[in-house]
Amino acid sequence: MKLILKHLALAAMIGLALIPLGGSKDSQVASQPYVRSTTPTLFFHGWGSSARAEEQMTNYARRHGVTKTIVQADVSAAGKVTWHGTIKAGTINPIIEVNLQNNKSVTGREADLAGAYAKSSNYVKAVVTAMQKRYGFTTMNLVGHSMGNLQIAYYLATNANDPHLPRLVHQVSIAGHYNGLVGEANTEQINLLGPHHRPQHFLPEYQGLLGLRHRFPTSAQVLNIYGDLNNGTRSDGDVPVNSARSYQYLVSDRAQSYHELKITGRQAQHSRLHENHQVDQALVNFLWR
C-alpha cells in the first residue's frame, strides 16, 4: 500500500507538468518551487552520440531557474575524466553533462553481451569517482538516454551499495533498451507478465541485470520514460515498449518509488525523446520540484 501511494503521488506530480494552464506552455514549470540541494545530476548520452544530445534537457532546466551551473565531463576511451567548468561549493542543483569519447563501446555483436555492457559501465564509475574526488559529493541523480541507461544500470548492479560511492537519489531512464532493440532476437514479440512486468524471455543483456532485483538502492526514486510512435510497432522506432518497461521488474520491488511516463506520436521517436518538451517538463518536476 505504501508503494502504491507513492506511485500515485508521483504520478500526480509528473502529470502536473503535462497539463497546460494557459499563457506560456512553460508557465507551469516556471512557477514551481524547486528543491535547493547540492546534489549533482549527471546526464549520460546514447550510442554514437555526445553531450550535445543532453543540452536541450539541461538548458531547459537552467532556463527555468533550476540551476545556474552546467559543467561537462569528457571521458577518454581509457576512462580519464577531463572537466570543463567548475562547480563551486554550495552550488544549487549542479548539472554534469557527460561526454564519452568511446561512444560505441558496445556493438551488440559481442559473444558476451552482458560482459560488454558491464565493461562499458566502467565509464559511469570513472565519472562518479572523479566527481567524488574533485567535489566530495555524497549523493547524486543519474539521467540516461538509450545506451546510457544500460551503462547506468550495469554500474548500479555492481556498485549501488558501495558505501564509499555517492548514494543514488533519483534515476531517470529515457528510452532504455533493457531487454533488446527492434529487430534483435524477436524482442518485439517478448511479452511482459504479471503486475511487475516480468519479461517472458530474458535476453543476455537483461540476464546480466537480474542482480538489480537484490541490489538496487532502496533510497532511490525512478522515472522510466519511453516512446510509442502509435504506428503499430509498439516502439519508438528503435526500442520496443516492452523492452523499456521491463526495467520495472528489475527495480520496482526495491526502489523507494517507480513511475512510468509514455510519450506518444512523432515526437516519441527514439532520438527525438531527448528533444521533447514533455520530457523536459517531466524531468524538471521529477528531479527538482
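1. Thr91 is buried, with a relative accessible area of 13%, because buried means under 20% relative accessible area, exposed over 50% and partly exposed in between, with a 1.4 Å probe and protein chains only. A polar atom of the Thr91 side chain lies 2.7 Å from the backbone oxygen of Lys88. Once neighbours within four places in sequence are left aside, Thr91 is in contact with Ser37, Thr38 and Thr69, contact meaning heavy atoms within 4.5 Å.

2. On conventions, residues are numbered from 1 along each chain as its sequence is written, and side-chain values use heavy atoms, with hydrogens and water left out. Because the model is predicted, local features need pLDDT of at least 70 and side-chain atom pairs count only at pLDDT 80 or more, whereas totals for chains, interfaces and linings use all residues.

3. Taken as a whole, the protein chain has eleven helices and ten strands, and buried residues make up 54% of its 289 residues. Among contacts between residues at least 6 apart in sequence, 79% join residues at least 24 apart.

4. In helix 3 (residues 55-63), Met57, Thr58, Tyr60 and Ala61 are buried. Seen down the axis of helix 3, these buried residues fall within an arc of 155 degrees, so they line one face of the helix; the arc is that of the directions from the helix axis to the C-beta atoms. Helix 3 is followed by Gly65, whose phi is positive, near 85 degrees.

5. Helix 3 packs with helix 11 (residues 277-288) at an angle of about 55 degrees, their axes being 10 Å apart, where axes are lines fitted to C-alpha atoms, for helices over the stretch in contact, and angles run from 0 to 180 degrees between N-to-C directions. That makes helix 3 oblique to helix 11, since angles under 35 degrees count as roughly parallel, over 145 as roughly antiparallel, 65 to 115 as roughly perpendicular and the rest as oblique. Gln56, Met57, Tyr60 and Ala61 in helix 3 meet residues of helix 11 that include His277, Val279, Leu283 and Trp288.

6. The buried residues of helix 4 (residues 113-120) are Leu113, Ala114, Ala116, Tyr117 and Ser120. Viewed down the axis of helix 4, they fall within an arc of 160 degrees, so they line one face of the helix. What covers them includes helix 5 (122-135), helix 6 (147-159) and helix 7 (204-207).

7. Helix 5 and helix 6 themselves pack at an angle of about 70 degrees, with their axes 8 Å apart, and are therefore roughly perpendicular to each other. Tyr123, Val124, Lys125 and Val128 in helix 5 meet Gln151, Ile152, Tyr155 and Asn159 in helix 6.

8. His177, in the loop between strand 6 (167-174) and strand 7 (192-193), counts as buried at 3% relative accessibility. Leaving aside neighbours within four places in sequence, the contacts of His177 include Tyr117, Met147 and Leu150.

9. Glu260 in strand 10 (residues 257-264) also counts as buried, at 16% relative accessibility. A polar contact of 2.8 Å joins the side chains of Glu260 and Arg245, a polar contact being a pair of N or O atoms within 3.5 Å, of which, within protein, one must be able to donate a hydrogen and the other to accept it, while residues adjacent in sequence count only if both atoms are side-chain atoms. The side chain of Glu260 also makes a polar contact with the side chain of Tyr258 (2.8 Å).

Definitions and conventions
Helices (H or I, at least four residues) and strands (E, at least two) are DSSP runs, numbered from the N terminus.
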